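Here are my notes on this model. Please read them with the structure open.

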Amino acid sequence: MHAKKMDKIATGILYTIAGIIVAILASLILYILMRGLPHISWHFLTGKSSSYQAGGGIGIQLYNSFFLLVITLVISVPLSMGAGVYLSEYAKKGRLTNFVRTCIEILSSLPSVVVGLFGYLIFVVQFQYGFSIISGALALTVFNLPQMTRSVEDSLRNVHHTQREAGLALGISRWETVLHVVIPEALPSIVTGVVLASGRIFGEAAALIYTAGQSAPALDWGNWNPLSITSPISIFRQAETLAVHIWKVNSEGTIPDGTQVSAGSAAVLLIVILIFNFSARKLGSFLHKKLTSA
């Protein structure tokens with residue numbers, strides 16, 4: 001009887017803690033949405049921002065956020081896949097491997113502002129890329145590469161060893177086994193990790209303040225020259241993202257309707273991140289069913 005009573009008490013405490021956490025998260029999300037949704041309109045989502053006049057939008061900042069996300073994923077996904085495959089399938093246990101894993105864990109715990117300062121010193125100043133999308137993408141790659149590498153490695157390690165043995169038993173090479181057997185089996189988990197990392201990249205601000213810049217010059221949507229700073233596909237132009245725009249509006253205080261712009265921008269940012277998180281679950285589940293016929 002005493003054991004059952006203690007079990008009920010412990011279960012009740014755990015449910016209470018879980019309920020408190022859910023209530024805090026739900027109240028925070030509802031608060032941001034209730035403050036921001038009334039200010040969101042088509043003009044707000046597509047219009048140009050203004051530094052001194054009311055009625056500005058977030059069109060360029062929203063585009064910059066998605067474009068920077070794409071460039072960052074183009075750089076970081078192949079690197080994280082290669083590093084994850086090596087650590088999971090080829091790296092032998094030893095001091096060097098342990099040192100690499102320790103470095104990955106240390107890098108994954110660095111504050112984003114430190115990564116931003118590193119990106120400023122290396123990519124903006126040393127490599128002379130200036131405040132640009134490529135500088136921001138490289139800084140975000142440094143910021144997210146350890147987490148994505150660990151996610152890929154864990155996904156591959158979770159594939160049962162019998163899958164590898166079956167591939168080798170059929171006479172195919174180790175690399176072909178990894179490419180055609182192990183990676184497809186781990187693909188749902190890998191995609192989930194990439195999508196979740198995308199939400200983190202999309203909402204990052206501190207690292208981009210020092211690398212991608214704090215201004216959003218007007219874009220010429222008819223100019224598709226990637227070397228032109230007015231081209232929407234140029235990676236060498238400054239690009240104020242949505243998260244940086246929220247920080248800038250609140251810190252400068254020069255826009256008459258800055259509170260409304262900030263609230264609406266925060267709501268849009270939250271909605272996009274929620275979409276990333278929910279789509280990660282759905283996409284991972286869909287791919288798992290598609291690849292395993294479960």
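1. First, a term. Helices here are DSSP runs of H or I with at least four residues, strands are E runs of at least two, and both are numbered from the N terminus. On that basis, the elements of the chain run α-α-α-α-α-α-α-α-α-α-α from the N terminus on. That gives 11 helices and zero strands. Keep in mind that this is a predicted model.

2. Overall dimensions. Along the principal axes, the C-alpha atoms fill a box of roughly 65 × 60 × 40 Å. The chain exposes about 16600 Å², and carbon and sulfur atoms supply 67% of that area. Of the 294 residues, 39% are buried.

3. Contacts along the sequence. Take the contacts with a separation of 6 or more: residues 24 or more positions apart account for 74% of them.

4. Helix α4 (residues 95-108) packs with helix α6 (residues 133-157) at an angle of about 130°, and their axes are 8 Å apart. The two helices are therefore oblique to each other. On the α4 side, the contact is made by Arg101, Ile104, Glu105, Leu107 and Ser108. On the α6 side, Pro146, Thr149, Arg150, Glu153 and Arg157 take part. By class, this contact has five charged, three nonpolar and two polar residues.

5. Serine 231. Where does serine 231 lie? Its place is in the loop between α9 (206-209) and α10 (242-252). Serine 231 counts as buried because its relative accessibility is 0%, and the cut-off for buried is under 20%. Leaving aside neighbours within four places in sequence, serine 231 is in contact with Leu219, Asp220, Asn223, Trp224, Asn225, Pro226 and Arg237.

Key. Residues are numbered from 1 along each chain as its sequence is written. This is a predicted model: local features need pLDDT of at least 70, side-chain atom pairs count only at pLDDT 80 or more; totals for chains, interfaces and linings use all residues. Side-chain values use heavy atoms; hydrogens and water are left out. Axes are lines fitted to C-alpha atoms, for helices over the stretch in contact, and angles run from 0 to 180 degrees between N-to-C directions. Angles under 35 degrees count as roughly parallel, over 145 as roughly antiparallel, 65 to 115 as roughly perpendicular and the rest as oblique. Contact means heavy atoms within 4.5 Å. Ala, Val, Leu, Ile, Met, Phe, Trp, Tyr, Cys and Pro count as nonpolar, Asp, Glu, Lys and Arg as charged, and the others, Gly among them, as polar. Buried means under 20% relative accessible area, exposed over 50%, partly exposed in between (1.4 Å probe, protein chains only). Accessible areas come from the Shrake-Rupley method with a 1.4 Å probe; for residues, only the protein chains shown count as cover.
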